[in-house]
Amino acid sequence: MTVVDVSFEVRCAHLPRDYGYALYEALAGALDWLEDEASAGVHPLHGTASADGELVLGRRARLMLRLSEQRAGQSLALAGARLALGSGLEVGPGKVRALMPHATVHSHFVSTGSPDEAAFLGLAAAELREAGLPQRMISGKAHVMNTPEGEVHGFSLLLHGLSPAQSLAVQARGLGRGRKFGCGIFVPHKSVVAVGADE
């Protein structure tokens, strides 16, 4: 199964800082297949924290979904939708993008179910080992997300020393739980060149 990213232009004055579950609910209401699509993921939105604790999206902000190639085409129907989130999230045109292999990839928020960093790393390593992937990683900032089922705890995580095949595999499968809430989705680390590229 080929996995790709779909990037949508968005316009929104402000969002709640802890928007992960609300964004998933809004997307599931617009895409009736999203809830049952086990491999689907929703990238975190990037913005600037305001003084009143909200998230302000800039003009270059993008809503990005990680989906199978088949679902990616169907997701383009989101263009023109207005999602009930924050001040209202207006979705613009979407583009399908192939995943790119990088030796180092990063996820803003990975959750393995433990708020303890040592336990988190052990569970992440076990999942990577089971998938046949190397366990070379560095954890970072702790994060907490609220959902109707309770708090989700995790850490940012960087994986390094990946071959092209390993890099694409971890980006396609993700790590841990909560992919639809923005967790466990890896992207190339901006300071590292693509695997196999001329340095």
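These entries record what I looked up in a predicted model.

**Basis.** I number residues from 1 along each chain as its sequence is written, and side-chain values use heavy atoms, with hydrogens and water left out. Local features need pLDDT of at least 70 and side-chain atom pairs pLDDT 80 or more, while totals for chains, interfaces and linings use all residues.

**Helix 1.** I took helices (H or I, at least four residues) and strands (E, at least two) as DSSP runs, numbered from the N terminus. In helix 1 (residues 20–30), I found Gly20, Tyr21, Leu23, Tyr24, Ala26 and Leu27 buried; buried means under 20% relative accessible area, exposed over 50%, and partly exposed in between (1.4 Å probe, protein chains only). Among the elements that these buried residues pack against (contact: heavy atoms within 4.5 Å) are strand 6 (62–68) and strand 10 (137–147).

**Salt bridges.** I searched the whole structure and noted four salt bridges, each a side-chain nitrogen of Lys or Arg within 4 Å of a carboxyl oxygen of Asp or Glu. One of them joins Arg71 and Glu37 at 3.1 Å, N to O. Arg71 lies in helix 2 (residues 69–75) and Glu37 in the loop between helix 1 and strand 3, so this pair ties together parts 34 residues apart in sequence. Glu37 is buried, at 15% relative accessible area.

I also looked up Glu127 and Arg173, whose closest N and O atoms are 3.4 Å apart. Glu127 belongs to helix 3 (residues 117–130) and Arg173 to helix 4, so the pair ties together parts 46 residues apart in sequence. Glu127 is partly exposed at 22% relative accessibility, and Arg173 is partly exposed at 36%.
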